[in-house]
Amino acid sequence: MMIDKIAAASDYTSQQITSNFTDYTYTVNIYVPNGDVPEGGFPVLYVLDGSSYFHLVKEAVRLQSRNAPKTGILPAIVVGIGHGADMHERRFYDFTGQAETYTYPARFKGKGHEKHGGAENFSRFLEEELKPSIQAQLSVNVQQQALFGHSLAGYFVLWQLFHHQASFQRYIAISPSIWWNEHELLKYASTFIKERPYAYEKLFIGVGELETFMVDDAKQIAGDLEKIMDIAFYEALEENHASIVPTVMSRAIRFVNKNE
């Protein structure tokens, strides 16, 4: 892994991190709250698709943590993980699990992407390169780490939960692409449920009312998983795939702040 510090903005820093596992360079933005470090260190929220969502999440945490007793949102470190100009293509590699074949839905009209199945390598980047780097630089509470993702990154959040359960304590999947590769996540969920009587991690799933089939998919997987773990499911009325994230972000962050 190679790290290059490239910028320091008013309230966050930016680094370029090249992973040995994915052979790719990510832009990693890091926000650290002002004020005293809490006992045990700050909670940390890792944000996938950081080039799209880091600033939104950072501001939600920064502004609302000023009055934590009312908002339910505590000061936390926010780490955004962003791709470069090839973001659209690269997401289909980093965020999808390995499979013998990859099937696209008919609505793609035969159009697909060249590379898939890099989730395990991306997971190793998070666990063995990025998180140790963050923990070496900052005071992190390793018992209060959350992972956020939307759409295909939401698929990865669930994939990570099912394959590397203990890597995070809280998971946020917004409009997860459960449809990917003929709903393979439902099979992973079934195995996950069968292998454990109870999962101590917590999961927030949000979806917009106007997301049609994605609402049914999200309800199904949430209903299956609530048998063994603490689930918060929220369907936002009149919201679509693009509008859902800013609509539910505060609710999701409040959920990952809950300790009970």
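View 1. Once neighbours within four places in sequence are set aside, Ile221 is in contact with Leu158, Phe162, Ile178, Leu185, Leu186, Ala189 and Ile205. This is a predicted model, so keep that in mind for every view here. Ile221 is, with Leu130 and Leu225, one of the residues with the most contacts inside the largest nonpolar core, which has 55 residues. Helix 5 (residues 152-163) is the top contributor to this core, giving 9 residues. Apart from it lies another core, this one of 27 residues, including Tyr53, Phe54, Ala232 and Val256.

**View 2. Helix 7 and its buried face.** Helix 7 (residues 213-225) runs for 13 residues and reaches 19 Å from its first C-alpha to its last, close to the 18 Å expected at 1.5 Å a residue. Its buried residues are Met214, Val215, Asp217, Ala218, Ile221, Ala222 and Leu225. Look down the axis of helix 7 and these buried residues fall within an arc of 165°, so they line one face of the helix. What do they pack against? The partners are helix 5, helix 6 (180-194), strand 8 (202-208) and strand 9 (230-236).

View 3. A search of the whole structure turns up 18 aromatic pairs. Tyr46 belongs to strand 4 (residues 42-48) and Phe168 to the loop between helix 5 and strand 7 (170-174), so the pair ties together parts that are 122 residues apart in sequence. Both Tyr46 and Phe168 are buried. Tyr198 and Tyr200 also form an edge-to-face pair, with 5.1 Å centre to centre and 75° between the planes. Are these two tyrosines buried or exposed? Tyr198 is partly exposed, with a relative accessible area of 40%, while Tyr200 is exposed, at 68%.

**View 4. A ring cluster, and charges over rings.** Tyr24, Tyr26, Phe95, Phe122, Phe125, Phe156 and Trp159 are linked into a cluster by ring pairs. Elsewhere, Arg251 lies over the face of Tyr234, at 3.7 Å from the ring centre.

**View 5. Tyr171, tucked into strand 7.** Tyr171 has its place in strand 7, and its relative accessibility is 0%, so it counts as buried. Leaving out residues up to four places away in sequence, Tyr171 touches Leu147, Val157, Gln160, Leu161, His164, Gln165, Glu201, Lys202, Leu203 and Phe204. One of those, Lys202, is 31 residues away from Tyr171 in sequence but 6.2 Å away in space, C-alpha to C-alpha.

**View 6. Two glutamates with positive phi.** Glu182 has a phi near 60°, a positive value in a residue other than glycine. Glu182 lies in helix 6 and, at 55% relative accessibility, counts as exposed. Glu238 has a positive phi as well, near 65°. Where is Glu238 found? It is in the loop between strand 9 and helix 8 (244-257). With 65% relative accessibility, Glu238 counts as exposed.

Technical notes
Residues numbered from 1 in each chain as written. Predicted model: local features only at pLDDT ≥ 70, side-chain atom pairs only at ≥ 80, totals over all residues. Heavy atoms only, no water. Core = buried A, V, L, I, M, F, W, Y, C linked by side-chain atoms within 4.5 Å. Buried < 20%, exposed > 50% of the residue type's maximum accessible area, 1.4 Å probe, protein only. Helix = DSSP H or I, 4+ residues; strand = E, 2+ residues; numbered from the N terminus. Contact = heavy atoms within 4.5 Å. Phe/Tyr/Trp six-rings, centres within 6.5 Å; stacked < 30°, edge-to-face > 60°. Lys NZ or Arg CZ within 6 Å of the ring centre and 35° of its normal. Expected span 1.5 Å × (residues − 1). Arc of directions from axis to C-beta.
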